[in-house]
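Take a look at the sequence and the fold shown below. The paragraphs after it go from the whole chain down to single pairs of side chains.

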Amino acid sequence: MKRLGPAFWISGGFLVLLAGFAIVGPFLLPDPTVSVGRPFSPPGGAFLLGTDEQGRDILSRLASGARVSLYVGFVVQLLALLIGVIVGTIGELGPKWIASPLMRFTDAMFSFPDLLLAILIVGLFGSGVTPVIIALAVTAWPSVARLVKVQVAALKEREYVLAARAMGAKPLHLVIRHILPHLW
C-alpha cells in the first residue's frame with residue numbers, strides 16, 4: 001500500500017478547517033446582515049478581516065457564504081449521483097424500449113452547453129439557492145449516468161451476477177443486492 005505524503009495531509013487538514021469554519025463560524029460570529037461597526041474598518045481589533053461598505057463583519061460574511069456554498073455543493077452532488085445512478089443502471093439493465101431513449105436523452109444533454117442550460121433554468125425559476133441547485137444538478141447528472149452505465153455493463157457479466165441470474169433472481173434483486181453494492 002502506498003504511503004500518503006505530506007501534501008495529502010496538509011490538503012486534507014485545510015479542507016477540514018474550511019468545512020469547520022463554514023459549519024461553526026456562523027454560530028460564533030456576528031450576524032452577517034447587520035452593521036456592527038464603521039464602514040471600511042481596517043482588519044484587526046474587533047474585526048479580524050475588517051468591515052465592508054455597510055459596516056458588516058467580513059469574516060462573518062465569509063463564514064455564511066462558505067456554509068451556503070457547502071450546502072449547494074453537497075446537495076448538487078447528491079442529486080447528480082442519485083439521478084445518474086438511476087439513469088445509468090436503467091440505461092444498461094432496463095428494457096430496450098426504455099433504455100435506448102433514456103441514453104439518447106443523456107447524449108442530448110451532453111450536446112447542450114451546461115452554462116446556457118443553467119442560465120435558462122435560473123431565468124425560469126428566478127434567483128435563490130433552489131434554482132441554482134436545480135441548474136447545477138441538471139447539468140451534472142449526464143456524466144455520472146455515462147460512468148455508471150459503463151460500470152454496470154462490466155459488473156453484470158461477473159460470475160456472482162451470472163450465478164444469481166441462473167438461480168432465478170429477478171432484475172431488481174440483481175441490481176439491489178449484487179450490482180449497486182459493488183458499484184459503490
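Of the 184 residues in the protein chain, 28% are buried. Buried means under 20% relative accessible area, exposed means over 50%, and partly exposed is in between, with a 1.4 Å probe and protein chains only. This is a predicted model, in which local features need pLDDT of at least 70 and side-chain atom pairs count only at pLDDT 80 or more, while totals for chains, interfaces and linings use all residues. Residues are numbered from 1 along each chain as its sequence is written, and side-chain values use heavy atoms, with hydrogens and water left out.

The protein chain has seven helices and zero strands. Helices (H or I, at least four residues) and strands (E, at least two) are DSSP runs, numbered from the N terminus. Along the sequence the pattern reads α-α-α-α-α-α-α. The radius of gyration of the protein chain is 23 Å, well over the 16 Å that the globule rule gives for 184 residues, so the chain is more spread out than a compact globule. This radius is taken over C-alpha atoms, and the globule rule is 2.2 Å times the number of residues to the power 0.38. Taken along the principal axes, the box filled by the C-alpha atoms is roughly 75 × 50 × 25 Å.

Contacts tell how parts of the sequence meet. A contact means heavy atoms within 4.5 Å. Among the contacts in the protein chain with a separation of 6 or more, 55% are between residues 24 or more positions apart. The accessible surface of the protein chain comes to about 12,300 Å², and 73% of it belongs to carbon and sulfur atoms. Accessible areas come from the Shrake-Rupley method with a 1.4 Å probe; for residues, only the protein chains shown count as cover.

Part of the surface is a nonpolar patch made of Leu79, Leu82, Ile83, Ile86, Ile90, Trp97 and Ile98, with about 630 Å² of accessible area together. Patches are made of residues with over 30% relative accessible area and no salt bridge; like charges are joined within 9 Å, and nonpolar side chains (Val, Leu, Ile, Met, Phe, Trp, Tyr) within 5 Å. Which helices supply at least two residues each to the nonpolar patch? They are H2 and H3, and the largest share, five residues, comes from H2. Isoleucine 83 lies in helix H2 and is partly exposed, with a relative accessible area of 33%.

Next come the charged side chains. The structure holds seven salt bridges. A salt bridge is a side-chain nitrogen of Lys or Arg within 4 Å of a carboxyl oxygen of Asp or Glu. One of them joins glutamate 92 and lysine 149, whose closest N and O atoms are 3.0 Å apart. Glutamate 92 lies in helix H2 (residues 58-93) and lysine 149 in helix H5 (residues 129-155), so this pair ties together parts that are 57 residues apart in sequence. Both glutamate 92 and lysine 149 are buried.

The salt bridge between aspartate 107 and arginine 104 also has its closest N and O atoms 3.0 Å apart. Here both residues lie in helix H3 (residues 96-111), three residues apart, about one turn of the helix. Aspartate 107 is partly exposed at 28% relative accessible area, and arginine 104 is partly exposed at 48%.

Arginine 61 pairs with aspartate 52, with the closest N and O atoms 3.5 Å apart. Aspartate 52 is buried at 8% relative accessibility, whereas arginine 61 is partly exposed at 36%. A network of salt bridges links Asp52, Glu53, Arg56 and Arg61.

Rings of Phe, Tyr and Trp (its six-membered ring) pair if their centres lie within 6.5 Å; planes under 30 degrees apart count as stacked, over 60 as edge-to-face and the rest as tilted. By this rule there are two aromatic pairs. The rings of phenylalanine 8 and tryptophan 9 have centres 5.1 Å apart and planes at 80°, so the pair is edge-to-face. Phenylalanine 8 is partly exposed at 45%, and tryptophan 9 is exposed at 56%. The rings of phenylalanine 105 and tryptophan 141 have centres 6.0 Å apart and planes at 20°, so this pair is stacked. Phenylalanine 105 is in helix H3 and tryptophan 141 in helix H5, 36 residues apart, and the pair links distant parts of the chain.
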